[in-house]
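Visitor: Hi! I have a structure open here and would like to talk it through with you. Could you walk me around?

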Amino acid sequence: MTSNPNIPKHVAVIMDGNGRWARKRGLPRHMGHRSGVSAVRNIVEVAAKRGVDYLTLFAFSSENWNRPREEVSKLMGLFVEALQREVDELHRNNVRLEFIGARQQLQAKLCDMISAAERQTHANNGLRLQVAVAYGGRWDIVQAAQSLAKQVAAGELQPGAIDDAAFSNELALKGVPDPDLLIRTGGEQRISNFLLWNLAYAELWFCDTLWPDFGEQQFDNALEFYAQRERRYGHTAEQVEAAS
Ligand code: IPE
Ligand code: IPE
Ligand code: MG
């Protein structure tokens with residue numbers, strides 16, 4: 001596991017700009033998503049090489065269901081194809097693959113493939129790769145609240161015992177440390193309902209590069225930005241310096 005404090009333990013990425021990448025080339029949007037898969041392969045490799053322990057990628061949001069039916073169905077097909085092609089290689093590279101999101105909303109075939117990939121790679125102790133599909137930060141918080149409410153209703157939990165840790169433990173990323181660095185490609189500077197709870201103290205890095213063009217150089221630029229941050233968590237700079 002990472003010991004260099006200049007390298008983020010957990011990097012989260014909003015992979016945006018596939019559609020514009022395709023449009024710029026006169027191609028249909030789904031060709032941008034296809035190129036985006038190659039960029040994912042690259043970044044997984046680079047992140048592991050740099051010593052990142054956890055990588056969380058936003059692939060499809062709760063709100064992306066509202067896109068044209070044709071685009072949604074092409075994306076779902078692409079997820080199936082990518083799983084078929086990539087899981088064995090990830091497994092050989094010791095990657096532990098997990099998915100977060102409302103997976104009951106996905107078609108049965110994709111859901112089964114996701115579970116199989118999670119089972120296959122479960123014991124790997126290299127990079128932990130979380131892919132967010134049908135994921136929304138608000139969905140995550142709501143399902144955590146429902147789970148806690150059920151425990152209270154069943155008399156298993158006192159309302160006063162619900163603290164930060166108890167709440168975190170019901171979220172999709174339970175057991176995973178909060179992201180240290182959030183990268184968003186594609187020029188927009190917003191969270192778009194990604195990990196609302198977990199990003200509380202993440203360093204935010206935005207770039208104009210469209211996701212299919214994102215590679216090692218851009219990733220290193222983000223790491224360099226991260227290495228220059230002083231993380232204070234509400235303390236003063238003097239307190240942070242005294243503690244280091
Ligand atoms: C990100 O690229 C991928 C998904 C949201 C599925 P977009 O498809 O949002 O690309 P732009 O933002 O339209 O260029
Ligand atoms: C965010 O991108 C979701 C993913 C990258 C999967 P969007 O393209 O959906 O975000 P908005 O609509 O521009 O905020
Ligand atoms: Mg977009």
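Guide: Happy to. Let's begin with Ile 14, which is buried because its relative accessibility is 4%, under the 20% cut-off. Keep in mind that this is a predicted model.

Visitor: Which strand is Ile 14 in?

Guide: Ile 14 belongs to strand β1, which covers residues 10–14.

Visitor: And what is Ile 14 in contact with, leaving aside its neighbours within four places in sequence?

Guide: Its contacts are Phe 58, Leu 182, Ile 183, Arg 184, Thr 185, Arg 190, Ile 191 and Phe 194.

Visitor: Let's do ligands. Which residues are around ligand 2?

Guide: Ile 14 turns up again there, together with Met 15, Asp 16, Phe 58, Ala 59, Phe 60, Asn 64, Arg 67, Arg 184, Arg 190 and Ser 192.

Visitor: Which side chains put an N or O atom by an oxygen atom of ligand 2?

Guide: Arg 190 does, at 2.7 Å, and Arg 67 does, at 3.2 Å. Asn 64 also has a polar side-chain atom 2.9 Å from an oxygen atom of this ligand. Taken alone, ligand 2 exposes 390 Å², and the protein buries 78% of that.

Visitor: OK, and what is around ligand 1?

Guide: Met 15, Asp 16, Gly 17, Asn 18, Gly 19, Arg 20, Arg 29, His 33, Ala 59, Asn 64, Arg 67 and Leu 75.

Visitor: How far is the side chain of Asp 16 from ligand 1?

Guide: A side-chain N or O atom of Asp 16 is 2.9 Å from an oxygen atom of ligand 1. The backbone takes part as well: a polar backbone atom of Gly 19 is 2.9 Å from a ligand oxygen, and a backbone N or O atom of Gly 17 is 3.3 Å from one. The protein covers 87% of the 380 Å² of accessible area that ligand 1 has on its own.

Visitor: Which residues of α2 are buried?

Guide: Gly 32, His 33, Gly 36, Val 37, Ala 39, Ile 43, Val 44, Val 46 and Ala 47.

Visitor: What covers them?

Guide: The cover includes α1 (18–24), β2 (54–61), α3, β4 and α7 (216–227).

Visitor: Which residues other than glycine have a positive phi?

Guide: Asn 94 is one, with phi near 70 degrees, and Ala 134 is another, with phi near 55 degrees.

Visitor: Where are those two?

Guide: Asn 94 sits in the loop between α3 (69–92) and β3 (96–100), and is partly exposed with a relative accessible area of 29%. Ala 134 is in strand β4, residues 128–135, and counts as buried at 1% relative accessibility.

Visitor: And Ser 61, what does that one touch?

Guide: Ser 61 touches Ala 134 and Tyr 135, not counting residues up to four places away in sequence. It is found in strand β2, buried with a relative accessible area of 7%.

Visitor: Last topic, the core. Which residues touch the most other members of the largest nonpolar core?

Guide: Leu 55, Leu 83, Leu 97, Leu 129, Ile 183 and Phe 219, out of 44 residues. Helix α3 gives the most to this core, with eight residues. A second, separate core of 14 residues includes Tyr 54, Phe 58, Val 176 and Leu 182.

Visitor: What is Leu 83 in contact with, beyond its neighbours within four places in sequence?

Guide: Leu 97, Phe 99, Leu 110, Met 113, Ile 114 and Ala 117.

Terms used: Residues are numbered from 1 along each chain as its sequence is written. Chains are lettered from A and ligands numbered from 1 in the order in which they are written. This is a predicted model: local features need pLDDT of at least 70, side-chain atom pairs count only at pLDDT 80 or more; totals for chains, interfaces and linings use all residues. Side-chain values use heavy atoms; hydrogens and water are left out. Helices (H or I, at least four residues) and strands (E, at least two) are DSSP runs, numbered from the N terminus. Buried means under 20% relative accessible area, exposed over 50%, partly exposed in between (1.4 Å probe, protein chains only). Contact means heavy atoms within 4.5 Å. A residue is near a molecule or strand if one of its heavy atoms lies within 4 Å of it. A polar contact is a pair of N or O atoms within 3.5 Å; within protein, one must be able to donate a hydrogen and the other to accept it, and residues adjacent in sequence count only if both atoms are side-chain atoms. Accessible areas come from the Shrake-Rupley method with a 1.4 Å probe; for residues, only the protein chains shown count as cover. A nonpolar core is a set of buried Ala, Val, Leu, Ile, Met, Phe, Trp, Tyr and Cys residues joined through side-chain atoms within 4.5 Å.
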